[in-house]
Amino acid sequence: MNLLKPQVKPPLWLLAELTYRCPLQCPYCSNPLDFAKQEKELTTEQWITVFEQARAMGAVQIGFSGGEPLVRKDLPELIKAARDLGFYTNLITSGIGLTEKKIDAFAEAGLDHIQISFQASDETLNAALAGSAKAFQQKLDMAKAVKAHGYPMVLNFVLHRHNIHQIDKIIELSIELEADDVELATCQFYGWAQLNREGLLPTRQQIADAEAVVAEYRVKMADKGNLANLLFVTPDYYEERPKGCMGGWGAIFLSVTPEGMALPCHSARQLPVEFPSVLEQSLQDIWYNSFGFNKYRGFDWMPEPCRSCSEKEKDFGGCRCQAFMLTGNADNADPVCSKSEHHGMILEAREQANCTNIQVSQLQFRNRKNSQQLIFKAP
Ligand code: FES
């Protein structure tokens, strides 16, 4: 019986992961652990073909990410092609490698939006987390330059147990930089972040303290007209119900990896599911007909407790990647859900967060050497 199989709508959001190359080494990077095995990248023309197909299907927004997308010399050309097709274009960058000249070129190409990520509110911790002593000053300079070029100032800070105590300083830095939008996002545990989870997951108390500080600033800033949007994203490890990951599998989001694998989310390549290549199939065929994109669409695939759950249309059983990483079976309910038989793993992780003492220097940094040596194994 075909229970509530939704009609498949076209993708709205295309994420172009242009490259896995990156000058930084953040230990919470969501790129795959074995990224170093993947050296191939789509050419300019191949990317533009992907953009054309996605736009023809109805996608309206495109994100250029990586790795660090600035390492692609053809970035202005790619931005221009996407903009000419009518996409709303976002650049998601660490700011490393950005120059005033490049910002000019991107503006000329029609880039709509630039988001710069920071690792911390001070140079020392930023350097320790990014693996680069010069990164902090460069980010400050480029954040100011982006604003000076008339772009909204959009900052992203990834929070974890080693920097969440700085949240007031992070917000102060954002105010000083005249940020318009600030995303304070606690680590989501994929890729390198999952590998380092014990050393990154904040305690519940840390989250509560940070939430209180954010609330205070929201009140304080309300009259002043700056920091229009201050978004604080808590980790789902402290929730009792899972997130509706990606707005549903194959529902609105389509990601393409540097070498052209099409995925329903940026982490799905680790799943034991065959995903198609944009070099072998049209995006249209991939989106509507491929096994990988249909695998977790709708509700028929769900085992219990999701199948009979009244919240399944809201959370879709949670995140398939998280279910796979934690239980070894992507069909399972996301263990974040308290109805999952595996929810004890989440409770254990919370307990562990209260007693672990892993220092920043002990984290596994995202670099080629570690990538070549580490092999991710699901339990
Ligand atoms: Fe892949 Fe959630 S990140 S489904």
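The model is predicted, and its protein chain has 15 helices and 9 strands. With a radius of gyration of 20 Å, close to the 21 Å that the globule rule gives for 379 residues, the protein chain is as compact as a globular protein of that length.

**Overall build**

- Taken along the principal axes, the C-alpha atoms of the protein chain fill a box of roughly 60 × 50 × 45 Å, and 55% of the 379 residues count as buried.
- When contacts between residues at least 6 apart in sequence are considered, 73% of them join residues at least 24 apart.
- The protein chain has an accessible surface of about 16500 Å², and carbon and sulfur atoms account for 51% of that surface.

**Nonpolar cores**

- The largest nonpolar core has 90 residues, and those that touch the most other members are Phe 51, Phe 64, Phe 118 and Leu 184; helix H5 (residues 135-148) supplies the largest share of this core, with 7 residues.
- Apart from this core lies another one of 20 residues, whose members include Cys 265, Val 273, Cys 321 and Met 325.
- Phe 51, when residues up to four places away in sequence are not counted, touches Leu 14, Ala 16, Ile 62, Phe 64, Leu 78, Ala 82, Leu 85 and Phe 87.

**Cysteines**

- The structure holds 0 disulfides, and for Cys 337, which is in no disulfide, the nearest cysteine sulfur is that of Cys 309, at 6.1 Å.
- Because buried means under 20% relative accessible area, Cys 337 counts as buried at 9%, and Cys 321 is likewise buried with a relative accessible area of 1%.

**His 343 and its surroundings**

- His 343 lies in helix H14, which covers residues 343-355, and the residue is buried, with a relative accessible area of 7%.
- Leaving aside neighbours within four places in sequence, His 343 is in contact with Glu 239, Glu 240, Pro 335, Val 336, Cys 337, Ser 338 and Arg 350.
- Within this group, the side chain of His 343 reaches the backbone oxygen of Pro 335 at 2.7 Å, while the C-alpha atoms of His 343 and Glu 240, 103 residues apart along the chain, are separated by 8.9 Å.

**His 160 and helix H6**

- His 160 is found in the loop that runs between strand E5 (154-159) and helix H6 (167-176), and this histidine is buried, with a relative accessible area of 0%.
- Not counting residues up to four places away in sequence, His 160 touches Tyr 28, Leu 129, Cys 187, Leu 200 and Pro 202.
- Just after H6, Glu 178 takes a positive phi of about 60°.

How values were computed:
Residues numbered from 1 in each chain as written. Predicted model: local features only at pLDDT ≥ 70, side-chain atom pairs only at ≥ 80, totals over all residues. Heavy atoms only, no water. Helix = DSSP H or I, 4+ residues; strand = E, 2+ residues; numbered from the N terminus. Buried < 20%, exposed > 50% of the residue type's maximum accessible area, 1.4 Å probe, protein only. Contact = heavy atoms within 4.5 Å. Polar contact = N/O pair within 3.5 Å; in protein donor to acceptor, adjacent residues only side chain to side chain. Core = buried A, V, L, I, M, F, W, Y, C linked by side-chain atoms within 4.5 Å. Disulfide = S-S within 2.5 Å. Rg over C-alpha atoms; globule rule 2.2 N^0.38 Å. Areas by Shrake-Rupley, 256 points an atom, 1.4 Å probe, with all protein chains shown as cover.
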